[in-house]
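Hello,

Here is the structure I promised to pass on to you. Have a look at it first, and then read my notes below.

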Amino acid sequence: MYTLGIDIGSTTSKCVILKDGSEIIAMSLVQAGTGTDGPSRAYAEVLTKAGLTKEQIDYTVATGYGRNTYAEADAEMSELSCHAKGVHFMNPECRTIIDIGGQDAKVIQLSERGTIANFVMNDKCAAGTGRFLDVMAGLLQMPVSDLENYALRAEEPVKISSTCTVFAESEVISQLSKNVDLSNLVAGICNSVASRTAALAKRAGIKDVVCMSGGVAQNGGVREALAKELGTPVLEVKYAQYMGALGAAIAAFEKNN
Ligand code: ADP
């Protein structure tokens, strides 16, 4: 049986196709999220990669910010449930998920069976989310994927004191005009996201093993800073950005089985 999960995020659309609820057949990611043609492009791309037609998919579940808007889906499911399912599938040892996406951050505590024991969420403020990093990378004229290379080289990270993205942007511009070392500045930006997220994580309670999912998990600068703040290692889940879509594909298998 083939099931498909589609995660329609704020900035990206991701799809995963699973065979019999256990084998990942294909994945796709399009850098365009809800309200764009990103979801249908990601859907078409994953079918092509899998060598399957739409008719061969037994069940589709949509998740993410734009999950209510997708007509191809048979059902929808919350991002929290899908991330929990996806991360538990990839790493059954995980007890705390830190998920930082394009416009929100969530901390989810998992039971041994992979069910949600507790969660806290920041979906009110861009600081502490991928949006903050996207804005800063734009200011520094570099892709977000380059941030970690700079951050991990820093010797004396700059302290960004503003908690608001707009004020932090002015702070970064002022640092740039002082010709501050770029690595130290980028590390300060990553540390700022990490300290906001660590505060969120402490509210939820931290239990080892701690794993990171969502697009920002790929940023080693944020991961390392979080590990330092929390005093425990923070692992990057394999295929971190696809955990919502994977969880949705698992949910589709469970619903159709
Ligand atoms: P959403 O589901 O809300 O669209 P994602 O979980 O896909 O969010 O994460 C998107 C965020 O991930 C972006 O805002 C960006 O900051 C970050 N990101 C994406 N790709 C990378 C990368 N290669 N390296 C570091 N960060 C990345």
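This is a predicted model: local features need pLDDT of at least 70, side-chain atom pairs count only at pLDDT 80 or more; totals for chains, interfaces and linings use all residues.

Residues are numbered from 1 along each chain as its sequence is written, and side-chain values use heavy atoms, with hydrogens and water left out.

Helix α3 covers residues 130-139 and helix α5 covers residues 165-177; they pack at an angle of about 30°, with axes 11 Å apart. Because angles under 35 degrees count as roughly parallel (over 145 is roughly antiparallel, 65 to 115 roughly perpendicular and the rest oblique), α3 is roughly parallel to α5. Their crossing is right-handed. From α3, Phe132, Val135, Met136 and Leu139 take part in the contact, and α5 brings Thr165, Ala168, Glu169, Val172, Ile173 and Leu176. Contact here means heavy atoms within 4.5 Å. Sorted by class, the residues in this contact are 8 nonpolar, 1 polar and 1 charged. (Ala, Val, Leu, Ile, Met, Phe, Trp, Tyr, Cys and Pro count as nonpolar, Asp, Glu, Lys and Arg as charged, and the others, Gly among them, as polar.)

As for the terms, helices (H or I, at least four residues) and strands (E, at least two) are DSSP runs, numbered from the N terminus. Axes are lines fitted to C-alpha atoms, for helices over the stretch in contact, and angles run from 0 to 180 degrees between N-to-C directions.

**The cysteines**

How many disulfides does the structure hold? There are 0, where a disulfide is a pair of cysteine sulfur atoms within 2.5 Å. Cysteine 211 is in no disulfide, and its nearest cysteine sulfur, in cysteine 94, is 3.4 Å away. For cysteine 82, the closest cysteine sulfur belongs to cysteine 15 and is 13 Å off, too far for a bond. Cysteine 82 is buried, at 0% relative accessibility, and cysteine 211 is buried at 1%. (Buried means under 20% relative accessible area, exposed over 50%, partly exposed in between, with a 1.4 Å probe and protein chains only.)

**Two residues in helices**

Glutamate 79 belongs to helix α2 (residues 79-90) and is buried, at 18% relative accessibility. Beyond its neighbours within four places in sequence, glutamate 79 contacts Thr63, Gly64, Tyr65, Arg67, Asp104 and Lys106.

Tyrosine 150 sits in helix α4 (residues 147-151) and is partly exposed, at 23%. Not counting residues up to four places away in sequence, tyrosine 150 touches Met142, Leu182, Ser183 and Val186.

**Backbone details in loops**

Most residues other than glycine have a negative phi, and most peptide bonds are trans. Aspartate 20, in the loop between β2 (13-19) and β3 (23-30), has a positive phi near 50° and is partly exposed at 41%. Asparagine 179, in the loop between α5 and α6, has a positive phi near 60° and is exposed at 69%. Finally, aspartate 208 and valine 209 are joined by a cis peptide bond, with omega about 5°; valine 209 is in the loop between α6 (182-204) and β9 (210-213).

Best wishes

Technical notes:
A crossing is left-handed if the near helix is turned anticlockwise from the far one by less than a right angle, and right-handed if clockwise.
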